[in-house]
Amino acid sequence: MSDLKALIEAVIKGDVKSATADTQSAVDGGQNVQDILDVGLIAAMDEVGKRFSKGQMFVPQMLRSARTMQECMKLLEPFFQEGTITSKGKVIIGTVKGDLHDIGKNLVSMMMEGAGFTMFDLGVDVSPERFVQKAQEIEPDIVAMSALLSTTMPSMRLTIEALEQASLRSKVKVMIGGAPVTRKYAQEIEADCYAPDAGSAVTRAKEILGIS
Amino acid sequence: MIIVGEKINTSRRSIAAAVEKRDAAYITKIAREQAEVGAHYIDVNAGTFLEQEVECLCWLVETVQSEVGLPLCLDSPNPRALSEAMKRHEGEPMVNSISLEPERFQALLPVVTSQPCHVVALCMAETSMPTSVEERVQVGSELIRRLTDAGIPLEKIYVDPLVQPVSVDTRMGLATLGAIASIMNDFPGVNTICGLSNISYGLPERHLINRSFLALCLSYGLSAVILDPTDKQLMATLVTGEMLLNRDEYCENFIAAYQAGRISER
């Protein structure tokens, strides 16, 4: 397990070279791949999220650690296909129709991936129809929407209605966020939850799915 | 350097509260404070009020102009809010903003050509955020062409090259700066404008980053800026920067600012 401590440190520091080397040697050493993921990579990103919330780490470090983890995940990918790795859940994420802002959405997506969720990022300017289409295709646990303009927020309501019409609303949890979005608005449109930033998005996602 | 005072934005708690209860005295106080420290335009933004935005924005226009004799910068992504606000505005407003996003451009072109005004042209097109100098210049140039074709004089166009956080991509500072320089060079007489705070998103010591970015923008030719003119350090950086760039004969403005106590930290 001392390999994993070094791996954890490397991910937190954002040291791709060391992290990928440690991941590979753990795999080669026959270590359980789910453990490498949960006790190594996800635990590291969990620590990153905590430090970010405390103001000890900032957006650039978060990005660097998330990218480091992604490089390590590439080495574990063959094992995903064989069905030996369990993900925390499937999440569709996108910035709503008419809105092109993606920085926050990308941060949330990276942090959630770092926490062990499987992300389906639809990008920006995503219509209610596209959210529904993807939801029908992959049966997600969470549909996450971002908006940075007050004029595009109504699309969140429309997407929830579209999910309702497609008989999907009760099968997913809806999470919303973005600078003009508020908890009050989330309640108004009957979203399942609101998260103010990438760090808390992970915590809230786990809460609404009842997982740790 | 044209200064647009940014404080009357309902994303600020005190402003939202004042707009909620229609506290005209508070709003005019904030407007006056900005006017007194050199704002040329007072920005008004009620975007957080969603369905009530149009009503609130109009109230802000009437309230501010009842006491402060400055033109306003009407700040909204909602074409209806802008058009209604313009009708109530006395004199020539600045309209913030139009972009190349098709729906927005189509809805706003008639608005900005309906009466004399200054126009902020945001370098955003339909598919995604620009990531380079070239993309910004491309969109900016196209916007200038379309607006001048529609009869808006070059001098009344303020190209906003879009400011993105360096915390996400450390090339973002240069992307904006390069775009400013290109546009000022390619279209003599046009204006460029930007807000500062996006540059420092996700990092600590945002004020330091913002005012440093302001100094860099000045050196790349920025002609107008949206900021908080009551931020003493920020305004000190502005006057100092202008002097350093040989825009202050005999350092007159700097010395006057100093003697008026607007430079010292103490």
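Reply: What follows goes through the terms one by one, each with its cut-offs.

Reply: This is a predicted model, in which local features need pLDDT of at least 70, side-chain atom pairs count only at pLDDT 80 or more, and totals for chains, interfaces and linings use all residues. Residues are numbered from 1 along each chain as its sequence is written, and chains are lettered from A and ligands numbered from 1 in the order in which they are written.

Me: Why is A:Ser167 called exposed?

Reply: A:Ser167 has 9 other C-beta atoms within 10 Å, so A:Ser167 is exposed. A:Ser167 sits in the loop between helix 7 (154-165) and strand 4 (173-177) of chain A; helices (H or I, at least four residues) and strands (E, at least two) are DSSP runs, numbered from the N terminus. A:Ser167 also has a positive phi of about 55° although it is not a glycine.

Me: What makes A:Glu190 count as exposed?

Reply: A:Glu190 has 12 C-beta neighbours inside 10 Å and therefore counts as exposed. A:Glu190 is found in the loop between helix 8 (183-188) and strand 5 (193-194) of chain A, and has a positive phi of about 60° without being a glycine.

Me: Why is B:Ser83 called partly exposed?

Reply: B:Ser83 has 19 other C-beta atoms within 10 Å, so B:Ser83 is partly exposed. B:Ser83 lies in helix 4 of chain B.

Me: How do you know that strand 3 and strand 4 of chain B pair?

Reply: Two strands pair if DSSP finds at least two bridges between them. Strand 3 and strand 4 of chain B have three bridges, in the parallel sense. B:Leu74 has B:Val95, in strand 4 of chain B, as bridge partner. In chain B, eight strands close into a barrel in the order 1-2-3-4-5-6-7-8, with parallel pairing. The twist averages 30° from one strand to the next.

Me: How is the angle of helix 2 of chain B to strand 1 of chain B defined?

Reply: Axes are lines fitted to C-alpha atoms, for helices over the stretch in contact, and angles run from 0 to 180 degrees between N-to-C directions. Helix 2 of chain B runs at about 160° to strand 1 of chain B and lies across strand 1 and strand 2 of chain B.

Me: What makes domain 1 and domain 2 of chain B count as being in contact?

Reply: Two residues are in contact if their C-beta atoms, placed from the backbone, lie within 7 Å. By that rule, 24 residues of domain 1 of chain B are in contact with 19 residues of domain 2 of chain B. On the side of domain 1 of chain B that touches domain 2 of chain B, strand 1 of chain B gives the most, with six residues. The bounds, domain 1 (1-89) and domain 2 (92-230), come from an automatic or database domain assignment.

Me: Which residues have the most contacts inside the largest nonpolar core?

Reply: They are A:Met111, B:Ile42 and B:Val119, in a core of 145 residues. A nonpolar core is a set of buried Ala, Val, Leu, Ile, Met, Phe, Trp, Tyr and Cys residues joined through C-beta atoms within 7 Å. Helix 3 (residues 33-53) of chain A supplies the largest share of this core, nine residues. Leaving aside neighbours within four places in sequence, A:Met111 has contacts including A:Met45, A:Met62 and A:Val202.

Notes: Buried ≥ 20, exposed ≤ 12 C-beta atoms within 10 Å, placed from the backbone.
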